[in-house]
Amino acid sequence: MPHSPSTLIPRGQWVPDNHLPRTGNKAFCESLADLSLPVYIVDVDGHLGVAQDGTATIGSSVSVSGENYPLIGWAPALGLESLGDPGFKADHGLKYAYVCGAMANGITSTAMVEAAGRAGMIGFFGAGGLSLEQIEAAIDTLQGFSGPLPFGFNLIHSPNDPDLEQKTVELYIAKNVTLISASAFLDLTPALVQYRIHGIHRDPNGGIVCPNRVVAKVSREEVARKFFSPPPEKYLRVLLQQGKITADQADLARQIPMAQDLTAEADSGGHTDNRPALSLFPTMTALRDEIAAQFAYPIPLRVGLAGGIATPMSAAAAFAMGAAYILTGSVNQSCVEADTSALVKKMLAEARQADVTMAPAADMFEMGVKVQVLKRGTMFSMRGHKLYEIYSTYERFEDVPPNQRKMVEETLLKGTFEKEWENTRAFFMQRDPSQVQRAETDPKHKMALVFRSYLGRASLWAKSGLADRAIDYQIWCGPAMGAFNEWVRGSTMENPENRRTVTVAFNLLYGAAVMSRINDLKSQGIPAPSTMGWLAPISESRIRQLILPPG
């Protein structure tokens with residue numbers, strides 16, 4: 001430790017119990033690593049010493065004797081369960097303020113959601129892109145487990161398929177799914193409002209009970225404002241007219257926010273605005289405070305953080321800024337429980353922070369919306385941008401120059417445009433026949449549906465590991481993946497076969513807690529150890545030893 005006690009002001013005194021203080025960098029690191037006990041930094045004959053038992057007295061006069069030592073600084077014991085907002089954890093039945101985000105196509109699988117729930121965290125099943133039958137099967141699986149298991153399901157905004165969004169909401173209501181993650185919403189929708197206020201009532205004491213909870217994931221202030229506000233009046237009127245709510249329920253709905261919990265989504269995989277967390281999060285918390293004061297809700301509003309959280313330092317920074325919880329996505333995709341191919345997990349495990357880029361989104365293609373994907377090892381982004389360029393330039397596929405038509409058909413579609421339209425038409429006749437009706441009179445829409453078919457299937461090719469389509473894989477990924485790989489390099493978790501969701505989570509939470517204690521000591525003028533290698537990933541069993549009180 002570079003500073004000597006002579007340069008630091010004593011803050012009290014420390015009296016040993018069973019052990020005398022130790023000196024040296026190793027002792028300092030070992031003490032910081034043991035979160036189950038406090039850390040006392042004391043003056044030992046002109047050297048900084050460290051102890052974890054005994055009695056510290058703050059603010060009393062210091063008298064050096066053989067029985068006591070000047071206290072230079074201290075950090076309390078810090079359980080992982082103390083990180084984050086206590087109300088968030090209590091409301092959702094959690095021990096830890098840690099959320100596994102909903103990666104579409106079921107990549108956040110029932111196995112991943114179960115593992116997180118069993119460990120005192122929570123996962124949201126990745127329902128986006130799946131059929132109603134697949135979603136229902138996942139609901140049955142998670143509801144079929146014995147014992148309490150916190151979990152939620154994703155509801156992704158479907159501006160091009162509002163009927164699917166409505167049917168998904170009706171399924172959630174029918175199956176009593178009481179917690180959803182609302183993602184990629186550009187605006188609120190009647191279906192989302194219906195879900196939120198379904199069953200709203202007063203308890204015997206007059207308090208408002210809203211059984212269905214929404215955790216919103218947003219990156220724009222104007223969208224966050226809508227989620228923190230009560231449901232829009234226009235949608236309440238529609239639901240009243242449809243007989244889906246009563247006048248009393250509409251009145252109660254005007255007194256609650258659409259979402260009590262909101263995840264500020266910074267630069268992330270999938271749908272993202274690439275916002276920096278350091279500017280986004282304070283904006284969202286300021287908005288939270290403004291709206292809470294405006295509406296005087298009977299419940300507190302909370303903001304969590306996602307995007308870029310992949311190391312102990314980033315997790316610690318999120319909690320230090322006041323995040324109610326942290327949410328991870330990209331890093332979980334390379335874990336054992338993720339329902340994607342071994343090849344994709346290998347590609348993700350080799351990614352660096354700069355190996356990501358933006359590409360057209362299949363679900364919002366015509367709107368020009370983009371998603372963040374893995375760039376290394378795939379040409380999906382380049383090919384997706386080419387399709388969007390063609391779509392934006394021409395009114396029908398027949399107008400596209402022959403050389404470009406040939407490239408699209410032979411390289412991307414692997415067949416003629418008309419053959420691909422037959423397959424696309426058959427899909428939408430089952431999913432949404434109105435899309436087919438429109439396409440048969442609007443050639444530009446027909447072109448969009450065919451191009452969306454390629455973009456959508458690219459994620460399925462990746463999930464299934466289709467070898468001859470590897471160059472077309474769409475793999476949602478943010479720069480967090482590269483940061484995570486750099487952190488775990490040289491550890492057992494360098495290999496994706498050893499990456500388990502809960503082990504990753506515990507390492508991030510544990511490292512964040514250690515960093516918090518380091519920062520506590522730094523604020524007292526005590527520097528961090530010269531090497532940070534001891535913050536490398538460790539086993540889940542070892543973490544449990546370091547966070548549980550002795551005895």
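Which residues of helix 4 are buried?

Reply: Happy to! A word on the model comes first. This is a predicted model, in which local features need pLDDT of at least 70 and side-chain atom pairs count only at pLDDT 80 or more, while totals for chains, interfaces and linings use all residues. Residues are numbered from 1 along each chain as its sequence is written, and side-chain values use heavy atoms, with hydrogens and water left out.

Now to your helix. The buried residues of helix 4 are Ile135, Ala138, Ile139 and Leu142. Here, buried means under 20% relative accessible area, exposed means over 50%, and partly exposed is in between (1.4 Å probe, protein chains only). Seen down the axis of helix 4, these buried residues fall within an arc of 105°, so they line one face of the helix. That arc is taken from the directions from the helix axis to the C-beta atoms.

Helix 4 covers residues 132-143, twelve residues in total. From first C-alpha to last, helix 4 reaches 16 Å, close to the 16 Å expected at 1.5 Å a residue; the expected span is 1.5 Å times one less than the number of residues. Helices (H or I, at least four residues) and strands (E, at least two) are DSSP runs, numbered from the N terminus.

What lies over that buried face? Among the elements covering the buried residues of helix 4 are helix 3 (110-118), strand 8 (122-125), strand 9 (152-156) and helix 5 (162-174). Contact means heavy atoms within 4.5 Å.

Tyr325 sits in the loop between helix 11 (312-320) and strand 17 (326-328), and Tyr325 is buried, with a relative accessible area of 1%. Leaving out residues up to four places away in sequence, Tyr325 touches several residues, including Phe88, Val215, Asp261 and Leu305. Phe88 is 237 residues away from Tyr325 along the chain, yet their C-alpha atoms are separated by 7.7 Å.

Ala184, in the loop between strand 10 (179-183) and helix 6 (190-197), counts as buried at 15% relative accessibility. Ala296, in the loop between helix 10 (277-295) and strand 16 (302-306), is exposed at 61%. Phi is positive in each, near 65° for Ala184 and near 50° for Ala296.
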